[in-house]
Amino acid sequence: MVSGVTFERDRDITRALVAWFGASARELPWRSCGTRDPYRVLVSELMLQQTQASRVAERFDEFLARFPTVEALARADEGEVLAAWSGLGYYRRARLLHGAARAIVGEHGGRFPRGAAELASLPGLGRYTAGAVASLAFGEQTPAVDANVMRVVLRLEGRVLATADPRAVRLAWARAGALVEAGARLRPARGAAVVNEALIELGAVVCPARGPKCGDCPVAGWCVARARGSTGRIPARKKRPVRRAVYFASVLVADGEGRLAVTRRGDDGLWAGLHEAPTVERMDRASTGAEVGKLLGVGRVREVGSFAFKTTHRDCHFVVYRGRAPRRAPEGWRYLGPEAIAGLGLSSPQRRILLEMGAGGA
Ligand code: ADE
């Protein structure tokens with residue numbers, strides 16, 4: 001049973017939140033078109049899951065121009081979608097988006113299922129994304145808890161829990177659900193959507209993991225963590241993932257016309273399906289130049305640079321070489337000019353290798 005105190009507190013928090021969002025929401029491209037088309041919501045929410053809003057803002061319109069409708073996206077081949085996703089990272093999301101578009105067109109006649117439960121049955125849509133599309137596009141009274149909302153709710157309630165803790169997950173969905181309900185009472189048409197997006201916005205802008213700006217917070221007066229001075233301990237830190245080292249040796253190989261050799265990575269694992277300069281990869285140590293030359297059949301190689309790149313789970317060490325084109329290109333190699341390469345799906349390090357380091361010629 002909901003006590004009167006909780007009910008009134010939720011109502012007041014929601015009022016403050018909605019007023020703040022109305023006055024302070026950032027102008028972002030996916031918010032710009034008044035009506036909330038479910039396709040735009042789906043694309044933006046998948047892009048935003050692990051990428052900063054400022055980075056998504058740079059890429060969103062371009063992606064929508066290339067794939068303006070769910071049908072256009074469903075028709076595209078995976079390579080095109082990965083290429084359009086370049087620079088956003090976490091390419092699995094691009095594949096999931098593509099799969100969801102194909103399911104919407106193939107199994108639902110191109111019409112989005114409306115409810116969170118139906119949306120969650122589409123491939124690639126988790127509980128958060130389903131809730132976001134259902135509420136932001138269709139006005140359903142359903143919560144959408146991402147890492148931002150989780151942090152805001154845990155702090156509001158003063159619960160020192162890690163975000164992966166099942167108690168935190170239950171609490172966050174239940175409390176966000178109650179705030180959304182209060183929002184829908186306040187504004188029957190768009191209240192649920194506004195509360196969801198306001199909670200996300202609050203977490204992103206005012207209540208980040210580090211450096212919360214409690215002085216600017218519209219709900220600071222109700223925040224238990226603030227009253228107890230425990231904001232910095234919420235959410236509780238999880239152990240850092242142990243990053244495994246991986247050693248990459250990539251070779252820039254130009255043909256007679258200065259085009260560079262490009263291969264495609266396998267369908268599984270890190271950067272699956274993306275393109276790269278011919279590369280040798282090992283887990284125990286860096287390959288020597290002689291090994292690289294022999295393995296890739298490019299004779300003697302000359303080192304032209306090296307750099308490190310971190311992913312969530314890996315410490316990647318890249319050494320970049322130049323080598324001679326073999327007389328016959330090995331299977332899977334293609335020689336491409338810079339424009340064609342720029343149009344491929346490339347990881348950030350390979351973008352650097354092929355387009356920056358590769359631009360210098362032999
Ligand atoms: N992060 C996730 N969803 C978002 C949204 N709709 N606006 C801004 N940042 C977000």
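**Entry 1: a buried loop residue**

I begin with the term I need: a residue counts as buried when its relative accessible area is under 20%. I am working on a predicted model, and I looked up L346 in it, which sits in the loop between α14 (338–342) and α15 (348–356). Is L346 buried or exposed? L346 has a relative accessible area of 1%, so it is buried. I then listed what L346 touches beyond four places away in sequence, and found S86, Y91, L274, H275, I341, R351, L354 and L355. I also noted W85, which is 261 residues from L346 along the chain, while the C-alpha atoms of the two are separated by 9.1 Å.

**Entry 2: the chain as a whole**

I stepped back to the protein chain, whose secondary structure comes to 15 helices and seven strands. Its C-alpha atoms fill a box of roughly 80 × 50 × 30 Å along the principal axes. Of the 362 residues in the chain, 50% count as buried. When I took the contacts between residues at least 6 apart in sequence, I found that 66% of them join residues at least 24 apart.

T163 has a relative accessible area of 28%, so I recorded it as partly exposed. Leaving aside residues up to four places away in sequence, T163 touches M150, A168, V169 and P235. I also looked up T163 and K238, which are 75 residues apart in sequence and 8.2 Å apart in space from C-alpha to C-alpha.

**Entry 3: helix α2 and its partners**

How does helix α2 (residues 38–48) pack with helix α6 (residues 92–108), and at what angle? I found an angle of about 160°, with the axes 10 Å apart, which makes α2 roughly antiparallel to α6. The crossing of α2 past α6 is right-handed. On the α2 side the contact is made by L42, V43, L46, M47 and L48, and on the α6 side by R93, L97, A100 and I104. By class I recorded eight nonpolar residues, no polar ones and one charged residue in the contact of α2 with α6.

I then followed α2 to helix α8 (residues 127–138), where the axes come within 9 Å and cross at roughly 145°. The crossing of α2 and α8 is right-handed. Here P38, V41, L42, E45 and L46 of α2 meet Y128, T129, A132, V133, L136, A137 and F138 of α8. I divided the residues of the contact of α2 with α8 by class into ten nonpolar, one polar and one charged.

**Entry 4: the two sides of α13**

My last entry concerns helix α13 (residues 289–296), and I asked which of its residues are buried. I found V292, G293 and L296, which cover an arc of only 95° around the axis and therefore lie on the same side of α13. As background I noted that an α-helix has 3.6 residues a turn, so residues three or four places apart point the same way. On the other side of α13, A290, K294 and L295 are exposed. The buried residues of α13 pack against β1 (244–253), β4 (279–282) and β6 (314–323). Just after α13, I noted that G297 takes a positive phi of about 70°.

Notes. Residues numbered from 1 in each chain as written. Predicted model: local features only at pLDDT ≥ 70, side-chain atom pairs only at ≥ 80, totals over all residues. Heavy atoms only, no water. Buried < 20%, exposed > 50% of the residue type's maximum accessible area, 1.4 Å probe, protein only. Helix = DSSP H or I, 4+ residues; strand = E, 2+ residues; numbered from the N terminus. Arc of directions from axis to C-beta. Contact = heavy atoms within 4.5 Å. Axes fitted to C-alpha atoms, helices over the stretch in contact; angles between N-to-C directions. Parallel < 35°, antiparallel > 145°, perpendicular 65-115°, else oblique. Left-handed = near helix turned anticlockwise from the far one by under 90°. Nonpolar A, V, L, I, M, F, W, Y, C, P; charged D, E, K, R; others polar.
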